[in-house]
Amino acid sequence: MMSNSASSPALAAKAADQELNSILSEMNQGHAEAALRSHATSLPTTPTAGAPKNGDLFRNSASKMETVKNWGISTYKCTRQLVLEKLGKSTRTVDTELETQIEQLRDTQRKYANILRLARALSSHFHHVVQTQHALGEAFSELAQKSPELQEEFLYNSESQRCLTKNGEALLSALHFFVNSVNTLCHKTIEDTLLTINQYEAARIEFDAYRADLEALSQAPRTDPRFEEAQQNYESHKTKFENLRADVAVKLKFLDENRIKVMHKQLVLFHNAISAYFSGNQQALESTLKQFNITVKPPSNPSWLEH
């Protein structure tokens, strides 16, 4: 459920304003001057064919200054709202159910990132094991040609290492597939939803800032121009906030469905490939790779698994 009540918003805002006005005004003014300087450097300094006329330049400059002004006001209001919330002098709009889901998503991303880190470490270490087995098999094979008295023993060990290398390459391909899929889920699919969540949280701050302004003017006459402007700003930011809240709810639902589907497939792959390899079941390992359409890639390049 949502709550957005605040006690004595006008008094709280005045008290906070006394502490913040000088700092935030200087900050916003500094940003505004920098933005104006940036815009000024982009204006043509010499007449050129098709260049804007003086009237157009004036209107463009006025429009840019108005944009900077509005940005500064919005930044000030949002910063003040955040400080008021920190000081306990204003409350924030809360959707308990949605924010619980958002926190669960961030926790899930952290845990999946840890799985991804460990899976990459396993792949990297096992990659070096397979390389060593391949080199050892080659050494046994070479010695078999030069040691007739131990040729059979060297050839036996060479063949064993060759089989281990082949199966190891198959397991590495499965691990590589697992790592890529979890990486996509963790750092692309989830991040896309978190981007919308960040926009939603920014809209929430703006909404609360303009809500506080409207509450502060609640005692003013309805004919007061300031009240009408505050009402319009409140409605505009309320619509933006509610739209983003709906977008987040939809994205969270579809993300959860996609996450379950993807991880079910990857966890089955991981279990079957690991179990088949360490039980020495070459046929089951090959069957697992075929089931998930994985092509075996020989680990000739040490950076193959390190993305």
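Me: Why is F126 called buried in this predicted model?

Reply: F126 has a relative accessible area of 9%. The term buried applies under 20%, so F126 is buried. This residue lies in helix α3, which covers residues 96-146.

Me: What is F126 in contact with, leaving aside its neighbours within four places in sequence?

Reply: F126 is in contact with G168, L171, L172 and Y277.

Me: How many helices and strands does the protein have, and in what pattern do they follow along the sequence?

Reply: The protein has six helices and two strands. Read along the sequence, they give the pattern β-α-α-β-α-α-α-α. Of the 307 residues, 34% are buried. Among the contacts with a separation of 6 or more, 84% are between residues 24 or more positions apart.

Me: What makes α5 roughly antiparallel to α6?

Reply: Helix α5 (residues 225-278) and helix α6 (residues 282-291) pack at an angle of about 160°. Angles over 145 degrees count as roughly antiparallel, so α5 is roughly antiparallel to α6. Their axes are 8 Å apart, and the crossing in which α5 passes α6 is left-handed.

Me: Which residues make the contact of α5 and α6, and how do they divide by class?

Reply: On α5 the contact is made by L269, N272, A273, A276 and Y277, and on α6 by A284, L285, T288 and Q291. By class, six of these residues are nonpolar, three are polar and none is charged.

Me: Why are α4 and α6 called roughly parallel?

Reply: The angle at which α4 and α6 pack is about 30°. Roughly parallel is the term for angles under 35 degrees, and α4 and α6 are therefore roughly parallel to each other. Their axes are 10 Å apart, and their crossing is left-handed.

Me: Which residues of α4 and α6 make this contact?

Reply: K166, N167, A170, L171 and A174 of α4 meet Q282, L285, E286 and L289 of α6. The residues of this contact comprise five nonpolar, two polar and two charged.

Me: How do you know that Y200 and F241 form a stacked aromatic pair?

Reply: A pair of aromatic rings is described by the distance of the centres and the angle of the planes. Y200 and F241 are 5.5 Å apart centre to centre, with 15° between the planes. Ring centres within 6.5 Å make a pair, and planes under 30 degrees apart count as stacked, so Y200 and F241 are a stacked pair. Y200 lies in helix α4 (residues 151-216) and F241 in helix α5, so the pair ties together parts that are 41 residues apart in sequence.

Me: Why are Y200 and F241 called buried?

Reply: Y200 has a relative accessible area of 2%, and F241 has a relative accessible area of 2%. Buried means under 20%, so Y200 and F241 are buried.

Me: What makes the pair of F207 and F241 stacked?

Reply: The planes of F207 and F241 are 5° apart, and the rings are 5.1 Å apart centre to centre. With stacked meaning under 30 degrees, this pair is stacked. F207 in helix α4 and F241 in helix α5 are 34 residues apart, and F207 is buried, as is F241.

Me: Which residues are linked into a cluster by ring pairs?

Reply: Ring pairs link Y200, F207, Y234 and F241 into a cluster. A search of the whole structure finds seven aromatic pairs.

Methods:
Residues are numbered from 1 along each chain as its sequence is written. This is a predicted model: local features need pLDDT of at least 70, side-chain atom pairs count only at pLDDT 80 or more; totals for chains, interfaces and linings use all residues. Side-chain values use heavy atoms; hydrogens and water are left out. Axes are lines fitted to C-alpha atoms, for helices over the stretch in contact, and angles run from 0 to 180 degrees between N-to-C directions. Helices (H or I, at least four residues) and strands (E, at least two) are DSSP runs, numbered from the N terminus. Angles under 35 degrees count as roughly parallel, over 145 as roughly antiparallel, 65 to 115 as roughly perpendicular and the rest as oblique. A crossing is left-handed if the near helix is turned anticlockwise from the far one by less than a right angle, and right-handed if clockwise. Contact means heavy atoms within 4.5 Å. Ala, Val, Leu, Ile, Met, Phe, Trp, Tyr, Cys and Pro count as nonpolar, Asp, Glu, Lys and Arg as charged, and the others, Gly among them, as polar. Rings of Phe, Tyr and Trp (its six-membered ring) pair if their centres lie within 6.5 Å; planes under 30 degrees apart count as stacked, over 60 as edge-to-face and the rest as tilted. Buried means under 20% relative accessible area, exposed over 50%, partly exposed in between (1.4 Å probe, protein chains only).
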